[in-house]
Amino acid sequence: MPTLRRYSYATFAVACTHLVFGAIVRISGSGMGCGDNWPRCYGSFFPPLSRPDLIIEVTHRYLASILLLSLIGLAIAAYRRRAEAGVGGRGGVLRSASLAVALGFSAALLGAMTVKLGNAPFATLAHWTVAMSLVAAVVATVIRAGGLGGAAVRLHQVSRATRSATAAGAGLALVAVVMGGLTAKYPGASVACQAFPLCGPNPDVQRAAVHVQLTHRIIAVLLVLHLFGVVMAQRKRRESAVILRTAKISFSLGILQLLVAGAMIGMHLPPVLRSLHEATGVSIWIATFALAYLARRAGEGDGVPALVDEPAPMQPSSAAAFAGAASVRPPVTFPALRAAGSDDATPSPEPTTPEQQARKKADLAVLEEALAALIVDDDVAAALAEANADLTTPSDLATVEQAIAELGLPPDVATPSPDPDRLARSRSSSTMSHSVAVIVARGADC
């Protein structure tokens, strides 16, 4: 999975560069820099770089070729690792990488159609929309590979209201970006309003162009207000630090976009600010889509709610009280922790169908990542030694032993010796490490 994560990050960087450069092509009017020739430029793949519009257009095509090769390479790498947990099957890296390849070829064909139709507005808008979908598929691939907070968010749960609000934000962002593309291509729409934040209609353009500009502005303002509401709601619900951080980034980009838009109108649309406006709009779409997808992944996970603000370090005397409070949290539902709710609990049956087996592998992979990230080497034994002090039944200890055994760790980790030095180090460790150890140990309370 780390290898796929690096591949997906590299592909994501190429996709962002290509997308921003495509906006530069549109702003500079270089879409017909190679005439109606495609895929060659005036009969050659490497034409003489004699004009600025030709240089911009042919560079955009080179970047598109590099992006397609990157997408294909990522899909092949995922296919070769399809047997690994989180790669093949539903919700795996392979499916989103394959979707990105399909969208990449679709964007290339629409680019060819745009050139053949003389850079017609509707063809350019369709090309731009598919490009937005392509970068979203790449973002989903990165998150599925564990990047952009994808690994951490699987350990948390978010409310249904958060998932709905983030999905609505992503929808608003997509509409705003598409309307931005339409504003840039519709005749007179980019100069239809001469003031900000009010319109100040330009009498020299058609009324339809003014409506396009105003619609784009209204949707952008609604998006920023919506993102502000998402941030405030997340601070109140205290569900996941990953979700809150992504929401803050999205909202900050929205504020920056409003400032850039005001400066762009006030300075009469200089190309530099127009390019920055386009790049910021793309960044907002990426951030809001990542926010919505992270919330969806957290909703599908088997983790526990997370506090945004970490509590103060816990004293040894409060360990028992914390262990009792942990039992009221939503249960950890990994297969190893379902087996022993009490002494007379019935163990979970072994998975028989491919779907159940894949689910078990995914659960174990998430549990392994949690323990590996928070407790390593000697701290494993130390934290579990402290957690075992709160166990009340033999079945609880058996549950911990079974979970450790399924992870392939040494047997002595599950039943550590009560070394005073180790216990002292454990009590001085971070609250999060202790919390995870206790929650894992008491997961059988479900």
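This is a predicted model: local features need pLDDT of at least 70, side-chain atom pairs count only at pLDDT 80 or more; totals for chains, interfaces and linings use all residues.
1. The rings of tryptophan 285 and phenylalanine 289 sit 5.6 Å centre to centre with 50° between the planes, a tilted arrangement. Both belong to helix α9 (residues 271-300), four residues apart, or about one turn of the helix.

2. Phenylalanine 289 has another partner, tyrosine 293. Here the ring centres are 5.9 Å apart and the planes are at 15°, so this pair is stacked. Again both residues lie in α9 with a spacing of four residues, about one turn, and both are buried. Put together, Trp285, Phe289 and Tyr293 make one aromatic cluster. The structure holds four aromatic pairs.

3. Now for the helix packing. The axes of α4 (residues 121-144) and α6 (residues 160-185) come within 10 Å and cross at roughly 150°. Angles over 145 degrees count as roughly antiparallel, and α4 and α6 are therefore roughly antiparallel to each other. Their crossing is right-handed.

4. As for who touches whom, α4 brings Pro121, Thr124, Leu125, Trp128, Thr129 and Met132, which meet Leu174, Val177, Val178, Gly181, Leu182 and Lys185 of α6. By class, this contact has eight nonpolar, three polar and one charged residues.

Technical notes: Residues are numbered from 1 along each chain as its sequence is written. Side-chain values use heavy atoms; hydrogens and water are left out. Axes are lines fitted to C-alpha atoms, for helices over the stretch in contact, and angles run from 0 to 180 degrees between N-to-C directions. Helices (H or I, at least four residues) and strands (E, at least two) are DSSP runs, numbered from the N terminus. Angles under 35 degrees count as roughly parallel, over 145 as roughly antiparallel, 65 to 115 as roughly perpendicular and the rest as oblique. A crossing is left-handed if the near helix is turned anticlockwise from the far one by less than a right angle, and right-handed if clockwise. Contact means heavy atoms within 4.5 Å. Ala, Val, Leu, Ile, Met, Phe, Trp, Tyr, Cys and Pro count as nonpolar, Asp, Glu, Lys and Arg as charged, and the others, Gly among them, as polar. Rings of Phe, Tyr and Trp (its six-membered ring) pair if their centres lie within 6.5 Å; planes under 30 degrees apart count as stacked, over 60 as edge-to-face and the rest as tilted. Buried means under 20% relative accessible area, exposed over 50%, partly exposed in between (1.4 Å probe, protein chains only).
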